[in-house]
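Colleague: Before I use these terms, I would like to know what stands behind them. Please go through them with me.

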Amino acid sequence: MPRSSGPRPGGTAAPDPESTSAGPAPTPSVPAPPRARSSRRANPTGSAGSVAVVTSVPALVAPPLPAPSVTVVDEAPVPIDRAADPNRGLLDLLANELAATGRRTRSRKAELS
Amino acid sequence: MVARARADAQAYGTLYDHYLPRVYGFVARRVADRAAAEEITATTFQRGLDAIQAGTLRSETIGGWLFRVAANAIVDRGQRGERAIPEGVRAADTVEPNAVRRDPLVDDEVATATFLAALERDELRRAFRRLTEPQRRVMILKYLDDLTELELCGVLGVSAATLTVRLERALRALNAAAGGASIHAA
């Protein structure tokens, strides 16, 4: 397979000066930078009949991601509908118990001080 | 009232009378030494007066602000006890630059222990220990310290909506950890 005389991805000339054929370039081992190459850049002399060197360029647009399976939760607080909560009664009892505990503790502390 | 207190010492006296028992109680539940609790309370109100005179306090935030200052003073005293710090210098100002600064209200072990000891049911006590630190903190401030919603927002630095959600989640977590159906009124 002939070597390419076109510019390498890094912009340097090919090391083999005897090679003049400008066939299709092999796929470079180093990924090309993500930019399109025009035929003018590939053939700087601009002479007629020259064949543009086409290098494989990675796709600029990534394929669409699959739909996320996890719902992203926003930082902002989500209001809680306690009226629709089947545990509402239990939670109210628990809150009352905690409040009563707090009252007892405060009054006991006040008696001591 | 805060605006009046800026120019009127008597108005500040009214604020002082209103908040003194609650701020002192807040401190006394965290500091065992009575003299230290009184000193911290006095420091808190002195800073309150300074802030009012400087015009940096508003009426709706003074409650939360005072509890926040008291909490900072408690931590400051704890840090002062660990290192030799000259009088008149805040312990927080002497912390090494690379040192991890603790959130003042994380140091609520004494208040939490007091509240746990007062709970009558063992399963609730065990469940309370399984809550996260922020969940325990908001519960202690609400149920033990009896802070109002506005005061809680000021102390924790959150909006009313965030506070509501945080409280509700803490309550649900406690209920779940305690086994849910075993809850009954005390």
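**Terms and their cut-offs**

Modeller: Chain A has 2 helices and 0 strands. This is a predicted model, in which local features need pLDDT of at least 70 and side-chain atom pairs count only at pLDDT 80 or more, while totals for chains, interfaces and linings use all residues. Residues are numbered from 1 along each chain as its sequence is written, and chains are lettered from A and ligands numbered from 1 in the order in which they are written.

Colleague: What makes a run of residues a helix or a strand?

Modeller: Helices are DSSP runs of H or I with at least four residues, strands are runs of E with at least two, and numbering starts at the N terminus. Chain B has 9 helices and 0 strands.

Colleague: Why are α7(B) and α9(B) called roughly perpendicular?

Modeller: The axes of α7(B), residues 133-144, and α9(B), residues 160-177, cross at roughly 105° and come within 9 Å. Axes are lines fitted to C-alpha atoms, for helices over the stretch in contact, with angles from 0 to 180 degrees between N-to-C directions. Angles under 35 degrees count as roughly parallel, over 145 as roughly antiparallel, 65 to 115 as roughly perpendicular and the rest as oblique. The two helices are therefore roughly perpendicular to each other. Gln135(B), Val138(B), Met139(B) and Lys142(B) of α7(B) make the contact with Arg166(B), Leu167(B), Ala170(B) and Ala173(B) of α9(B).

Colleague: What makes a set of residues a nonpolar core?

Modeller: Its members are buried Ala, Val, Leu, Ile, Met, Phe, Trp, Tyr and Cys residues joined through C-beta atoms within 7 Å. The largest has 46 residues, of which Val23(B), Val27(B), Leu66(B), Phe67(B) and Ala70(B) touch the most other members. Helix α4(B), residues 62-82, gives the largest share, 9 residues.

Colleague: How do you know which residues Ala70(B) is in contact with?

Modeller: Two residues are in contact if their C-beta atoms, placed from the backbone, lie within 7 Å. Leaving aside neighbours within four places in sequence, Ala70(B) is in contact with Val23(B), Phe26(B), Val27(B), Ile40(B), Thr41(B) and Thr44(B).

Note on methods:
Buried ≥ 20, exposed ≤ 12 C-beta atoms within 10 Å, placed from the backbone.
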